[in-house]
Amino acid sequence: GQVRTRSETPGFAPNPNDVLYVDENSAWVTRYEPNLDPEAAPEDQGNDLVEINPSTMSLTGRRIDLSELSVIVEDSLVYARPNRAVLVGGKAIVGLDLISADFATYGPGAVAIIDLEEGTVQSLPLSDGLKEELQNCGRLVPVPGEADKLIVSCNGPYLFDEAFNLDLEAKRKGSGVVLLEVNDGRASIEQSWAAAGGEAALATSWLIAIDEERVVGVAEGDYNLGTPDELYMTEIASGAQTLAHAGTAPGDLGVSAYDPDLEILFVPDASAGAVLELAIDEDGAEELGSLPISPGGLPPRQVHLLK
């Protein structure tokens, strides 16, 4: 089925980023883009969650506004920009990118804790106890075998000069990983790692969890320099990293999937046109082989585990 996540009135693209399935009659869509028209009707305001009925593929009319989580940074309005969402302990935990309309200003990293029944919203800042402020923290992933825990990936700001060179210093200051625990509807920070102040690989893109202590993410290559993507395993508590796989070009590596029963990590490699299989143990990752997906055709970009 298909459902329009705005009204029939043209001129607004809400940019839906994720769907949070609750039951056969309820699912919530994160609408990433704010509507800059102050006179827009509520159904076209964006920067929110809207409910759909997945059985009828229709809007229910229910909406949860996140504009109260928008902040002012350096005289710029930074919108909440809800990205990924996970249902934990009856609450919707929603990652927020917190970026201005022109994508030039970033706010302090946070997630939203939402009671879907009541429509109430709370914000949890993610930089407590850290020297630098985490930013761009919209990606959330569950922790295998831990129903009450999830990982937040903070990618830092993407700021470029006129030659389209990325400001790596700013990105490092805002990059990190946070482990959240949700008990009795309340979320708290259990552990965190920040890349600031060190020389660690900025392996926070396309992050997934191996367990509550380790994550795997991509350190993005540089198109200007021609450096390739690299996949690292990071221990959240210590920040220790292990190179799991090196791509051959920037943009090679996408979203991986981990099977905790097989203890195998499946990694899409675009240049290879294959999904790589890596055995995971306490010491790191060992490549087992690969499965060709589309040699010479469309490259594999994401792998997901369905159970």
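Guide: Let us start with a term: a salt bridge is a side-chain nitrogen of Lys or Arg within 4 Å of a carboxyl oxygen of Asp or Glu. The model here is predicted, so local features need pLDDT of at least 70 and side-chain atom pairs count only at pLDDT 80 or more, while totals for chains, interfaces and linings use all residues. Residues are numbered from 1 along each chain as its sequence is written, and side-chain values use heavy atoms, with hydrogens and water left out.

Visitor: Thanks! How many salt bridges does the structure hold?

Guide: Side chains of opposite charge can pair when their charged atoms come close. In this structure there are 12 salt bridges.

Visitor: Which residues are linked in a network of salt bridges?

Guide: That network joins R31, D48, R63 and D65. One of its links can be followed in detail: R63 pairs with D48, and their closest N and O atoms are 2.5 Å apart. These two come from distant parts of the chain, with R63 in strand β4 (residues 58–65) and D48 in strand β3 (residues 46–53), 15 residues apart. Strands (E, at least two residues) are DSSP runs, numbered from the N terminus.

Visitor: Is D48 buried or exposed?

Guide: First, the cut-offs: buried means under 20% relative accessible area, exposed over 50%, and partly exposed in between (1.4 Å probe, protein chains only). D48 is buried, because its relative accessible area is 0%.

Visitor: What about E8 and R4, whose side chains meet in a salt bridge?

Guide: There the N to O distance is 3.6 Å. E8 is exposed, with a relative accessible area of 63%, and R4 counts as partly exposed at 41%. D211 is partly exposed at 23%, whereas R214 is buried at 13%.

Visitor: Which cysteines form a disulfide here?

Guide: A disulfide is a pair of cysteine sulfur atoms within 2.5 Å. A search of the whole structure finds one. C137 and C154 form it, with their sulfur atoms 2.1 Å apart. C137 lies in the loop between β11 (120–125) and β12 (139–143), and C154 lies in strand β13 (residues 146–155), so the pair ties together parts that are 17 residues apart in sequence. The link is right-handed, with 115° about the S-S bond.

Visitor: And are C137 and C154 buried or exposed?

Guide: Both C137 and C154 are buried.

Notes. Helices (H or I, at least four residues) and strands (E, at least two) are DSSP runs, numbered from the N terminus.
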